[in-house]
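Good morning, and thank you for coming. Please look at the sequence and the structure on the screen while I speak.

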Amino acid sequence: MIYDVIIIGSGPAGLSAAIYAKRAELNLIVIEKAGISGGQIINTYEVDNYPGIPGISGFELSTRFREHCDRLDTTFITGEVTGFRLEGDIKVVTMDNGEEYRTKTVVIASGGVPRHLNVPGEDKLSGMGISYCATCDGAFFKNKEVVVVGGGDVAVEDAIFLARICKKVYVVHRRDQFRANKSAVSKLMDMENVTVLWDSVVERINGEDSVESIEIKNVKTQESKQYDVSGVFIAVGYIPNSQVYQNVVATNEQGYIIAGENCETNIPGIFAAGDVRTKDLRQIITAAADGANAITSVERYLNNL
Ligand code: NAP
């Protein structure tokens, strides 16, 4: 059997792709790793920026996405993709149980994971004051004191965003210079309620049921100091789940699959959607939009075969 499309991943991008593919009457399967749909949003306490359903929990939103797919009789396969290769124009997906699936097109919607600091308190307080997404969770910290960790575009833009909402924002960066673009940096430096702690690393995050304080060490002076804050936003990069595909499709130096808004990769018939592809804004709504765009590109490709 050769499918029209195999969708790898069942986060918002994969589930949206599945809805569009079923409505286009394509012959497809969705492969999901954990046997539960939703991807990263399953662990999001509250989603307040998905239009039309303010305040919905990430779990509830992903359940609704999945129910929509089930209503269209979508076939889900549980398992991990361990191999991926081309046989001419056919794409072959190998699973951890040795099973192989063949398909004319693939939508890689395998997502990514935010890089963690791996400091004491991080796992325990994740979702309880520690967040990896300022645009998702920032509004819960109105008039509070927060820390942003990182020195890239995301950290600096998150800090600007948070400084407009929060009473005080500390930016903790391990070097004495930001990696982020200069105009964002100068905007940040002009904000009165922002203090940058240069050459500094997080030692631990404290709290019982929520974040209460953070311990930060200056790596030059070796001095440690405790800051009483209620939020910690970690923005030290993402790790895209693209390892299995890197021998077939082009990725950038951070491992993101290179694809534009039409989700086309450098290989005809292979599409990348959601957080795994190169893009500026990684949100539920942009992932869902990718699912729609990817299937539109799949249809165009299949029509030209
Ligand atoms: P990034 O550019 O890789 O920056 C990650 C930051 O975290 C760096 O400052 C890095 O420090 C720091 N870091 C990494 N590991 C750390 C650790 N273990 N402990 C402490 N700090 C750590 O990642 P990003 O900011 O998430 O951006 C991802 C990509 O999207 C980038 O290419 C970025 O340019 C792009 N982006 C662009 C825009 C835009 O154009 N407006 C907006 C958002 C994102 P060092 O600097 O010391 O390495």
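**Domains, ligand and cysteines**

The domain assignment of the protein chain gives two entries: domain 1, which covers 2-113 + 238-303, and domain 2, which covers 116-234. Please keep in mind throughout that this is a predicted model. Taken over C-alpha atoms, the centres of domain 1 and domain 2 are separated by 31 Å.

Let us turn to the ligand. Which residues come nearest to the ligand? There are 16 residues around the ligand, and those that come nearest are Asp153, Glu157, Arg174, Arg175 and Arg179. By residue type, the shell around the ligand divides into seven charged, five polar and four nonpolar residues.

I would now like to go through some individual contacts. In Glu157, a polar side-chain atom lies 2.9 Å from a nitrogen atom of the ligand. For Arg175, an N or O atom in the side chain is 2.7 Å from an oxygen atom of the ligand. With Val154 the backbone is involved: a polar backbone atom of Val154 is 3.0 Å from an oxygen atom of the ligand. How much of the ligand does the protein bury? Taken alone, the ligand exposes 910 Å², and the protein buries 74% of that. As a general remark, the accessible area lost when parts come together is often used to give the size of an interface.

My last topic is the cysteines. A search of the whole structure finds one disulfide. This disulfide joins Cys133 to Cys136, with a distance of 1.9 Å from S to S. The link of Cys133 and Cys136 is right-handed, with 70 degrees about the S-S bond. Are its two cysteines buried or exposed? Cys133 counts as buried, because its relative accessibility is 17% and the cut-off for buried is under 20%. Cys136 has a relative accessible area of 24%, and therefore it is partly exposed.

Cys69 itself counts as buried, because its relative accessibility is 0%. Cys263, likewise, is in no disulfide, and the nearest cysteine sulfur, that of Cys69, is 16 Å away. With 0% relative accessibility, Cys263 counts as buried.

Thank you for your attention.

Key. Residues are numbered from 1 along each chain as its sequence is written. This is a predicted model: local features need pLDDT of at least 70, side-chain atom pairs count only at pLDDT 80 or more; totals for chains, interfaces and linings use all residues. Side-chain values use heavy atoms; hydrogens and water are left out. Domain bounds come from an automatic or database domain assignment. A residue is near a molecule or strand if one of its heavy atoms lies within 4 Å of it. A polar contact is a pair of N or O atoms within 3.5 Å; within protein, one must be able to donate a hydrogen and the other to accept it, and residues adjacent in sequence count only if both atoms are side-chain atoms. Accessible areas come from the Shrake-Rupley method with a 1.4 Å probe; for residues, only the protein chains shown count as cover. Ala, Val, Leu, Ile, Met, Phe, Trp, Tyr, Cys and Pro count as nonpolar, Asp, Glu, Lys and Arg as charged, and the others, Gly among them, as polar. A disulfide is a pair of cysteine sulfur atoms within 2.5 Å. Buried means under 20% relative accessible area, exposed over 50%, partly exposed in between (1.4 Å probe, protein chains only).
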